[in-house]
Amino acid sequence: MGKPILGQEEAEALTSEFSDLYVAAHQYAQGVYWTDTMNSVPELVQAAGPATRASVLHDLITSHVEQRTPNRTRALGFFAQLINGDAGSVLVRFKMLDERLRPINHPSGQQDLLSRHQFSQEAADQLTLAGMAELPTVLTCGYQLSPGEISMERVVIACHFGSDILYWYQLATGGGQVALFLPGVPPPEPRIRSSREVADTGSE
């Protein structure tokens, strides 16, 4: 089951309140992993493979967000932030992104459903119990690594449908969009669709 997907304007309006929190969470994770840990036990960082690094960063990011917002759930087996608003509802999950801004997932039936903004009946019931006013649009707050994989290149919020990206936007702090960690690196061109175009994609 699923509902029409929110457009970019609605998604940005719902998540804007949390931009500073998301920025701080990624900066915190980057500092702990590449600065604190590298200075204290560099062999751990040097020996860690991509999967271990992604897992550690994910735990650091989600724990930082989880401790600072009441709007959250682990009912689906992973941490997500839940946001309700007049325009609709969103579920924000936290992921590493590949070079095309696609989330890097462990294959599962649930991930396949979430990629299409769909939920099993059990998941829908869990979200209702967690305080969701309606079935949400799934957004991914994700980071890309720098070419040398020694920092985060940028952090964005993206909306996907299957393997396609419907739209994405960089997090804003204060009054504008910012490339967080390497501002000299040009971002990829966003693919933006209106609410009508997104709705025409369908989610059933």
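The crossing of H2 and H4 is right-handed, meaning that the near helix is turned clockwise from the far one by less than a right angle. This is a predicted model, where local features need pLDDT of at least 70, side-chain atom pairs count only at pLDDT 80 or more, and totals for chains, interfaces and linings use all residues. Numbering starts from 1 along each chain as its sequence is written, and side-chain values use heavy atoms, without hydrogens and water.

The two axes (lines fitted to C-alpha atoms over the stretch in contact, with angles from 0 to 180 degrees between N-to-C directions) come within 8 Å and cross at roughly 135 degrees. That makes H2 oblique to H4; under 35 degrees would be roughly parallel, over 145 roughly antiparallel and 65 to 115 roughly perpendicular, with the rest oblique.

Here are the residues that meet, with contact meaning heavy atoms within 4.5 Å.

| Helix | Residues in the contact |
|---|---|
| H2 (residues 19–40) | Leu21, Tyr22, Ala24, Ala25, His26, Tyr28, Ala29, Val32, Tyr33, Trp34 |
| H4 (residues 50–66) | Arg53, Val56, Leu57, Leu60, Ile61, His64, Val65 |

These divide into 14 nonpolar, 2 polar and 1 charged.

Now for H4 itself. Arg53, Leu57, Leu60, Ile61, Thr62, His64 and Val65 are buried there, that is, under 20% relative accessible area with a 1.4 Å probe, protein chains only. Besides H2, the buried residues of H4 pack against strands E2 (80–85), E3 (88–96), E4 (137–145) and E5 (152–161).

Technical notes:
Helices (H or I, at least four residues) and strands (E, at least two) are DSSP runs, numbered from the N terminus. Ala, Val, Leu, Ile, Met, Phe, Trp, Tyr, Cys and Pro count as nonpolar, Asp, Glu, Lys and Arg as charged, and the others, Gly among them, as polar. Buried means under 20% relative accessible area, exposed over 50%, partly exposed in between (1.4 Å probe, protein chains only).
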